[in-house]
Amino acid sequence: MQPTLELSIYTLLRMAFIWQLISLAIYLVGTLTIAAFLYDNFKSLISIIKALLEPYFQPQLPQTLLDKFGKWAVITGATDGIGKEYAKELARQGFNLVLISRTKEKLIAVTNEIESEHKVKTKWIAVDFAKGREAYEQIEKELAGIEVGILVNNVGRMYDYPDTLDMVPEDLVWEILIINVGAATMLTRKIAPQMKARRKGAIVNIGSGSELQPMPNMAVYAATKKYITHFTQALERELAEHNVTVQLIMPLFVLTKMNEYSSSVMRGGILIPTASSFAKSAVFTLGKTSTTTGFWTHGLQYFFMKLAPLRLRTLIAHELGRRLRIEALEQKKLT
Ligand SMILES: NC(=O)c1ccc[n+]([C@@H]2O[C@H](COP(=O)([O-])OP(=O)(O)OC[C@H]3O[C@@H](n4cnc5c(N)ncnc54)[C@H](OP(=O)(O)O)[C@@H]3O)[C@@H](O)[C@H]2O)c1
């Protein structure tokens with residue numbers, strides 16, 4: 001009997017030890033996962049707080065966006081929505097502007113409006129980004145001699161309303177691919193070298209919160225925005241050693257004509273800011289944080305969405321897309 005009892009006590013001790021090791025491993029993995037999750041979610045806020053405190057501890061550093069990046073800002077999609085409000089906010093901070101968009105009359109109206117309100121120089125370039133390569137040749141010629149301090153890659157195209165891929169006109173699918181992926185990529189390709197050479201400048205890419213998970217009924221749009229996320233974050237690393245800032249902005253719904261297909265989105269509210277409030281807040285984060293939703297209530301929404309597993313987020317996104325599609329179709333019938 002004695003050896004069996006000894007063996008069983010030994011076995012029990014061994015099992016207890018193994019169990020303790022497993023518990024420790026679970027504890028460590030859990031702690032690391034939570035730490036990584038919290039870091040990911042709060043790094044934007046922490047870097048803003050750090051940047052706000054910096055002037056008190058390092059007053060010798062450049063403080064304004066003009067000091068940090070230079071005198072000229074180039075903004076695409078600048079005649080409406082977020083791009084127009086970025087232009088107005090940067091003009092308010094003293095930047096000379098190059099506005100790039102499709103419609104000449106709107107470009108003239110916006111540059112006149114900005115020049116009447118602010119003492120800055122403006123220039124406009126009318127191009128259709130959907131035309132691909134030729135648009136960039138024209139922009140390159142017209143930008144010759146301009147030292148670009150900030151490039152805001154804002155232009156973007158969504159479906160006219162959420163729908164399944166087979167129902168979206170083929171031309172529109174091409175446009176979305178060419179504009180959403182092409183414009184940010186090719187303008188960065190053209191303008192980053194001069195920033196690198198001066199060791200000064202910022203590139204702001206307007207992505208979208210829709211990149212957080214696949215978006216059935218907005219499949220192409222959301223996928224192009226995922227491209228913007230990875231493209232921007234890779235460029236951020238490539239250009240950091242050249243002292244060029246690269247920032248990713250991922251807004252959720254903002255009150256602009258892009259969402260006119262939905263009267264419920266266009267009602268606005270605390271979760272859906274106006275383009276002006278959004279742009280003021282997003283410009284405030286420039287130079288302070290590299291990846292942000294740009295607006296505090298969008299940050300909160302993004303945080304809570306991220307708590308759900310990808311599969312659940314995709315199901316919710318699908319349901320949202322389905323409802324927005326039905327609403328848009330009903331709205332179309334009434335008009
Ligand atoms: N609004 C939102 O809820 C939301 C949410 C997340 C992300 N975003 C992103 O934010 C960015 C701006 O969106 P927004 O809502 O402000 O857009 P918007 O109100 O529809 O304005 C789009 C701007 O882009 C210009 N544009 C459109 N197609 C063009 C083309 N082919 N060539 C040249 N310019 C063209 C328009 O010029 P014209 O006036 O001449 O057409 C206009 O100035 C986009 O990248 C979008 O994906 C928006």
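Student: Where is Leu248 found?

Tutor: Strands here are DSSP runs (E, at least two residues), helices are runs of H or I with at least four, and both are numbered from the N terminus. Leu248 is found in strand β6, which covers residues 245-249. A quick word on the ground rules: residues are numbered from 1 along each chain as its sequence is written. This is also a predicted model, where local features need pLDDT of at least 70, side-chain atom pairs count only at pLDDT 80 or more, and totals for chains, interfaces and linings use all residues.

Student: Is Leu248 buried or exposed?

Tutor: You count other C-beta atoms, placed from the backbone, within 10 Å of the residue's own: 20 or more is buried, 12 or fewer is exposed, and in between is partly exposed. Leu248 has 24 of them, so it is buried.

Student: Which residues does Leu248 touch?

Tutor: Touching, or being in contact, means that C-beta atoms placed from the backbone lie within 7 Å. Skipping residues up to four places away in sequence, Leu248 touches Asn205, Gly207, Thr229, Thr232, Gln233, Ser290 and Thr291. As for Ile203, it is 45 residues from Leu248 along the chain, with 8.7 Å between their C-alpha atoms.

Student: Let's follow one of those partners. Where does Gln233 lie, and what does it touch?

Tutor: Gln233 lies in helix α7. Its contacts are Leu248 and Thr291, again not counting residues up to four places away in sequence. It has 15 other C-beta atoms within 10 Å, so Gln233 is partly exposed. From Gln233 to Asn205, C-alpha to C-alpha, you get 10.0 Å for a sequence separation of 28 residues.

Student: At what angle do α6 and α7 pack?

Tutor: Axes are lines fitted to C-alpha atoms, for helices over the stretch in contact, and the angle between N-to-C directions runs from 0 to 180 degrees. Helix α6 (residues 170-198) and helix α7 (residues 219-240) pack at about 10°, with axes 9 Å apart. That angle is why α6 counts as roughly parallel to α7; the scheme is under 35 degrees for roughly parallel, over 145 for roughly antiparallel, 65 to 115 for roughly perpendicular, and oblique for the rest.

Student: Which residues make that contact?

Tutor: On the α6 side you have Val173, Ile176, Leu177, Asn180, Val181, Ala184, Thr185, Thr188, Ala192 and Lys196; α7 brings Val220, Tyr221, Thr224, Tyr227, Ile228, Phe231, Leu235 and Leu239. Sorted by class, that is 13 nonpolar, four polar and one charged residues. The classes are Ala, Val, Leu, Ile, Met, Phe, Trp, Tyr, Cys and Pro for nonpolar, Asp, Glu, Lys and Arg for charged, and the others, Gly among them, for polar.

Student: And Met195: which residues is it in contact with?

Tutor: Met195 is in helix α6. Leaving aside neighbours within four places in sequence, its contacts are Val148, Lys200, Gly201 and Val244.

Student: How do I read a positive phi?

Tutor: Most residues other than glycine have a negative phi. Arg199 has a phi near 55°, and its place is the loop between α6 and β5 (202-206). Asn217, in the loop between β5 and α7, has a phi near 80°. Arg199 counts as exposed, because it has 10 C-beta neighbours inside 10 Å, whereas Asn217 has 23 and is therefore buried.

Student: How many residues surround the ligand?

Tutor: A residue belongs to the shell if its C-beta atom, placed from the backbone, lies within 6 Å of the molecule. Here 30 residues do, the closest being Gly77, Gly81, Thr103, Gly156 and Thr256. Helix α3 (residues 81-92) gives the most, with three residues.

Student: Finally, how many helices and strands are in the chain?

Tutor: Eleven helices and seven strands. Of the 335 residues, 38% are buried.

How values were computed
Two residues are in contact if their C-beta atoms, placed from the backbone, lie within 7 Å.
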